[in-house]
Amino acid sequence: MSARGLLWPKVILFGDSITQQSFDRGGWGAAIANRLVRKCDVLNRGLSGYNTKWALSVLPKIITQPANQETIAAVIVMFGANDSALKDINPVQHIPLTEYAENLKGVAQYLKSIGICEDKVIMVTPPPLDESAWEEECIAKGSKLNRYNSVTNQYAAACVKVAEECGIDVLDLCTLMQMKNQDFCSYLSDGLHLSEKGNTFLETHLWALLVKKTERLPMILPHWSNVDHLNPEASFPV
């Protein structure tokens with residue numbers, strides 16, 4: 001058998017703490033990885049606390065030009081929860097709305113420059129903010145409410161606009177969770193991050209977009225029932 005390695009495609013999750021936590025029990029990233037077992041690796045590149053300015057700076061160190069374009073099946077980009085922090089209360093993480101939009105464009109342009117075209121990218125907006133619950137978290141940490149849902153909605157709308165301008169699929173999580181005046185608070189664990197219900201909600205809607213980018217990926221290595229037990233080497237790719 002040849003020593004040449006198998007081509008194992010990747011789905012890369014690039015975002016902030018909502019992405020970093022997505023491999024926790026019940027997390028949306030873990031659910032996506034489970035769906036794609038033996039089709040590709042799902043890599044968690046979530047960076048808790050990061051905004052789009054920092055993300056754009058480190059992106060070339062995280063996603064480098066692939067030797068084979070087929071090794072990247074998809075890239076999920078999800079930022080905005082930190083960018084939308086209020087400047088006067090949380091200037092460290094805050095990024096102005098126009099700069100946030102430009103940074104997202106920069107992410108898309110960088111990915112395209114290394115051969116990851118628009119049809120392999122999905123942008124996801126931040127979820128809405130439960131101000132009451134998040135204020136409790138802020139007070140417990142000796143601060144005061146540092147985000148508003150109305151502002152989060154503005155950043156979500158900017159994300160949607162950038163994605164549409166770039167020809168990229170987008171999941172408007174913020175709008176979906178607030179449709180028909182539903183109580184979106186149950187989707188959040190602390191007012192900002194996703195609860196188990198919120199993770200399921202995100203994964204369900206994200207999969208509807210991601211499946212189109214991964215449905216043609218074959219299972220890696222044959223099913224055990226198709227292995228010739230008398231001559232197993234003959235069943236494996238060379």
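Select K105 and E102. The two side chains form a salt bridge, with their closest N and O atoms 3.5 Å apart. A salt bridge here is a side-chain nitrogen of Lys or Arg within 4 Å of a carboxyl oxygen of Asp or Glu. Both residues lie in helix α4, three residues apart, about one turn of the helix. Helices are DSSP runs of H or I with at least four residues, strands are runs of E with at least two, and both are numbered from the N terminus.

What you have open is a predicted model, in which local features need pLDDT of at least 70, side-chain atom pairs count only at pLDDT 80 or more, and totals for chains, interfaces and linings use all residues. Residues are numbered from 1 along each chain as its sequence is written, and side-chain values use heavy atoms, leaving out hydrogens and water.

Colour the pair by accessibility. K105 is partly exposed at 21% relative accessibility. E102 is partly exposed too, at 47%. The cut-offs are under 20% relative accessible area for buried, over 50% for exposed, and partly exposed in between (1.4 Å probe, protein chains only).

Which residues are linked in a network of salt bridges? E102, K105 and E165 are.

**Next: helices α4 and α6**

Show residues 97-113 for α4 and 149-166 for α6. Their axes are 9 Å apart, and the helices pack at an angle of about 35°. Axes are lines fitted to C-alpha atoms, for helices over the stretch in contact, and angles run from 0 to 180 degrees between N-to-C directions.

Select the contact residues (contact means heavy atoms within 4.5 Å). From α4, take L97, Y100, A101, L104, K105 and A108. From α6, take Q154, Y155, A158, C159, V162, E165 and C166. Ten of the contact residues are nonpolar, one is polar and two are charged. In this count Ala, Val, Leu, Ile, Met, Phe, Trp, Tyr, Cys and Pro are nonpolar, Asp, Glu, Lys and Arg are charged, and the others, Gly among them, are polar.

The structure holds five salt bridges. Select R35 and E203, whose side chains meet at 2.4 Å, N to O. This pair links distant parts of the chain: R35 is in helix α2, E203 is in helix α8, and they are 168 residues apart. R35 is partly exposed at 41%. E203 is buried at 6%.

Move to E118 and K112. Their closest N and O atoms are 3.1 Å apart in another salt bridge. E118 is partly exposed at 24%, whereas K112 is exposed at 51%.

**Next: the largest nonpolar core**

A nonpolar core is a set of buried Ala, Val, Leu, Ile, Met, Phe, Trp, Tyr and Cys residues joined through side-chain atoms within 4.5 Å. Which members of the largest core touch the most other members? Select V11, V124, L202 and L210, out of 34 residues. Helix α8 gives the largest share of this core, six residues.

Centre on L202. Beyond residues up to four places away in sequence, L202 touches W28, M78, V124, L171, L173 and L194. A second, separate core has 29 residues, including I12, L111, V162 and A163.

**Last stop: D16**

D16 sits in the loop between β1 and α1. Is D16 buried or exposed? At 2% relative accessibility, D16 is buried. Outside four places in sequence, D16 contacts residues including G46, S48, Y50, M78 and N82.
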